[in-house]
Amino acid sequence: MIGKRLRLFMRMPLPERRNTAKQSTHYTQEANHWWDTIQVLFQDLANNPDISLNIKKLLVDGTSTTVLTTDTSGVPLEPALMYSYTGCETQAELIDQYAPANNPARGAGSSLAKWLYFYQKYNTCDNIIMHQTDWVIAQLCGHYRYSDEH
């Protein structure tokens, strides 16, 4: 396999999202399900050294605007608000007062609206609010400092 590239795509189904408010737009999911799935995938790789010993890079993919809040150690404080979660209407109204028209920060499903929701709910800057992919990468790297600004 020296000199050759192998692209390996691994995917496992996750548990269904939960509809927290019995509305079609209020979906959440436990972040620990993501991590459990990754652990299973890594175990599968460990059982296949012909593949795992040749891995040079790792890509983590997730859905945009899926947002969660954690403590400073990266432990989720509640289920993540999924990309399709649009229950942050109050926060969106506040953002609409400042964000230009057609700005991605606008809307009850935007990452900013979800961030503001978590900030208002916990009333602290001590928690970490991040995107799904950033949390997974932080789990892999062991530090929870960075997240995408979108």
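**Helix packing in the predicted model**

Helix H5 is followed by Gly 142, a residue whose phi is positive, near 85 degrees. The structure described here is a predicted model. Its secondary structure comes to 5 helices and 5 strands, and from the N terminus on the elements run β-β-α-α-β-β-α-α-β-α. Of the 150 residues of the protein, 33% count as buried. Among contacts with a separation of 6 or more, 59% are accounted for by residues 24 or more positions apart.

H5 itself covers residues 132-141, and its buried residues are Gln 132, Thr 133, Asp 134, Trp 135, Val 136 and Ala 138. These buried residues pack against helix H1 (31-46), strand S3 (67-70) and strand S5 (128-131).

The arrangement of H5 relative to H1 was examined next. The axes of H1 and H5 come within 11 Å and cross at roughly 50 degrees. Angles under 35 degrees count as roughly parallel and 65 to 115 as roughly perpendicular; H1 and H5 are therefore oblique to each other. Their crossing is right-handed. On the H1 side the contact is made by Ala 31, Asn 32, Trp 34, Trp 35, Ile 38 and Phe 42, and on the H5 side by Gln 132, Trp 135, Val 136, Gln 139 and Leu 140. Sorted by class, the contact of H1 with H5 has 8 nonpolar, 3 polar and no charged residues.

Gln 132 lies in helix H5 and has a relative accessible area of 10%, which is under the 20% limit, so Gln 132 counts as buried. Leaving aside neighbours within four places in sequence, Gln 132 is in contact with Trp 34, Gly 62, Thr 63, Thr 66 and Leu 68. Of these partners, Trp 34 is also one of the H1 residues in the contact with H5. Val 136, likewise found in helix H5, is buried with a relative accessible area of 5%. When residues up to four places away in sequence are not counted, Val 136 touches Trp 34, Trp 35, Ile 38 and Val 60. The C-alpha atoms of Val 136 and Asp 61 are separated by 9.2 Å, although the two residues are 75 residues apart along the chain. In an α-helix there are 3.6 residues a turn, so residues three or four places apart point the same way. Both Gln 132 and Val 136 belong to the set of H5 residues that meet H1.

Helix H4 spans residues 111-122. At 1.5 Å a residue, its 12 residues should span 16 Å, and the end C-alpha atoms are 17 Å apart, which agrees. Within H4, the buried residues are Ser 111, Ala 113, Lys 114, Leu 116 and Phe 118. The elements that cover them include S3, strand S4 (80-81), helix H3 (89-96) and S5. Strands S3 and S5 are also among the elements against which the buried residues of H5 pack. Just after H4, Asn 123 takes a positive phi of about 50 degrees.

The axes of H3 and H4 come within 8 Å, with a crossing angle of roughly 115 degrees. The range for roughly perpendicular runs from 65 to 115 degrees, and H3 and H4 are therefore roughly perpendicular to each other. H3 passes H4 in a right-handed crossing. In this contact, Gln 91, Ala 92, Leu 94 and Ile 95 of H3 meet Leu 112, Ala 113, Leu 116, Tyr 117 and Gln 120 of H4. The contact of H3 with H4 divides into 7 nonpolar, 2 polar and no charged residues. Ala 113 and Leu 116, both in this contact, are among the buried residues of H4.

The loop between S4 and H3 holds Gly 87. The relative accessible area of Gly 87 is 19%, and buried means under 20%, so Gly 87 is classed as buried. Apart from neighbours within four places in sequence, Gly 87 is in contact with Thr 25, His 26 and Ala 108. Gly 87 and Ala 113 are 26 residues apart along the chain, and their C-alpha atoms are separated by 9.1 Å.

Technical notes. Residues are numbered from 1 along each chain as its sequence is written. This is a predicted model: local features need pLDDT of at least 70, side-chain atom pairs count only at pLDDT 80 or more; totals for chains, interfaces and linings use all residues. Side-chain values use heavy atoms; hydrogens and water are left out. Buried means under 20% relative accessible area, exposed over 50%, partly exposed in between (1.4 Å probe, protein chains only). Helices (H or I, at least four residues) and strands (E, at least two) are DSSP runs, numbered from the N terminus. Contact means heavy atoms within 4.5 Å. The expected span of a helix is 1.5 Å times one less than its number of residues. Axes are lines fitted to C-alpha atoms, for helices over the stretch in contact, and angles run from 0 to 180 degrees between N-to-C directions. Angles under 35 degrees count as roughly parallel, over 145 as roughly antiparallel, 65 to 115 as roughly perpendicular and the rest as oblique. A crossing is left-handed if the near helix is turned anticlockwise from the far one by less than a right angle, and right-handed if clockwise. Ala, Val, Leu, Ile, Met, Phe, Trp, Tyr, Cys and Pro count as nonpolar, Asp, Glu, Lys and Arg as charged, and the others, Gly among them, as polar.
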